[in-house]
Amino acid sequence: MKQTQYVAREPDAHGFIDYPQQEHAVWNTLITRQLKVIEGRACQEYLDGIDQLKLPHDRIPQLGEINKVLGATTGWQVARVPALIPFQTFFELLASKRFPVATFIRTPEELDYLQEPDIFHEIFGHCPLLTNPWFAEFTHTYGKLGLAATKEQRVYLARLYWMTIEFGLMETAQGRKIYGGGILSSPKETVYSLSDEPEHQAFDPIEAMRTPYRIDILQPVYFVLPNMKRLFDLAHEDIMGMVHKAMQLGLHAPKFPPKVAA
């Protein structure tokens, strides 16, 4: 597993995490900026979730606050994890309707981008849509499938997750909107993903599984759902059969240059 400079903060005996004031200030900067950037760009289901979560602006929320809302809407919870977790733990959590949240926040020096998913990315990017039953159902099914999958199958499932939950777009009556948490927590990618610069493809799960990606660049291609219910429908289709088909067909050529070794 990759190494990270970040260390997740531990809760006290009552489950309370005491973040220093400078970390609350980073949260305030991030959420204030990003709420402006997503205006007119985020899908309505995500915005509905933002309304329900009522995230504080002046401090990092406690996980218990998030759990009250998720528990009441879809039965999900968030689970405190270290900065990086193995695939096995990730799938175990999703399969039990628990979404992993690393209890650290990026430094001011990495305000615009960091490779590790921090508490801002997980809570602001992903938790709003976990209030949506269709999205929550897909995420739960995904976790159960991943838990039973082989190592090679998990790599294909990871691409499906990347192209939907992290970097998915969706058609709506108001035009193309964003639902992927990796986009919605990034000011640059929020604007870029809806521009004419990247490629946009109609969502096809097998094609998504066959599409390579890099985590450290703006995505060259985004898959666009017809609506949020498509994820719910996908949860009740033969996803592992699609994985098998994607493995037979093999990967597409990357649409990006290879990463240069440091």
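**View 1. Strands S1 and S2 run side by side.** Strand S1 (residues 77-81) and strand S2 run parallel and are joined by five bridges; two strands pair if DSSP finds at least two bridges between them. Strands here are DSSP runs of E with at least two residues, helices are runs of H or I with at least four, and both are numbered from the N terminus. Look for Gln-77, which stands opposite Arg-98 in S2. Because four of the five residues of strand S2 (residues 98-102) are buried, this strand is largely enclosed by the rest of the structure. Buried means under 20% relative accessible area, exposed means over 50%, and partly exposed lies in between (1.4 Å probe, protein chains only). Please keep in mind that this is a predicted model, in which local features need pLDDT of at least 70 and side-chain atom pairs count only at pLDDT 80 or more, while totals for chains, interfaces and linings use all residues. Residues are numbered from 1 along each chain as its sequence is written, and side-chain values use heavy atoms, with hydrogens and water left out.

View 2. Strand S3 (residues 169-172) and strand S6 (residues 221-225) pair in the parallel sense over two bridges. Leu-169 has Val-224 as its bridge partner in S6.

**View 3. Helix H4 meets helix H6.** Two packed helices are described by the angle between their axes and the distance between the axes. Helix H4 (residues 87-95) packs against helix H6 (residues 133-148) at an angle of about 135°, with the axes 7 Å apart. H4 is therefore oblique to H6. Axes are lines fitted to C-alpha atoms, for helices over the stretch in contact, and angles run from 0 to 180 degrees between N-to-C directions. Angles under 35 degrees count as roughly parallel, over 145 as roughly antiparallel, 65 to 115 as roughly perpendicular and the rest as oblique. Among the H4 residues that meet H6 are Phe-90, Phe-91 and Leu-94, and the H6 residues that meet H4 include His-140, Tyr-142 and Leu-147; contact means heavy atoms within 4.5 Å.

**View 4. Arg-214 sits in a loop.** You can find Arg-214 in the loop between helix H10 (205-209) and S6. Arg-214 is buried, with a relative accessible area of 15%. A polar atom of the Arg-214 side chain lies 2.7 Å from the backbone oxygen of Pro-257. Not counting residues up to four places away in sequence, Arg-214 touches residues including Trp-162, Phe-256 and Pro-258. Trp-162 is one of the buried residues in H7, and helix H7 (residues 151-166) is mostly covered, with twelve of its 16 residues buried.

View 5. The loop between helix H8 (181-184) and helix H9 (187-193) holds Ser-185. Ser-185 is buried, with a relative accessible area of 7%. Its side chain reaches the backbone oxygen of Gly-181 at 2.8 Å. Leaving aside neighbours within four places in sequence, Ser-185 is in contact with Gln-34, Phe-120, His-121, Phe-124 and Gly-125.

Note on methods
Polar contact = N/O pair within 3.5 Å; in protein donor to acceptor, adjacent residues only side chain to side chain.
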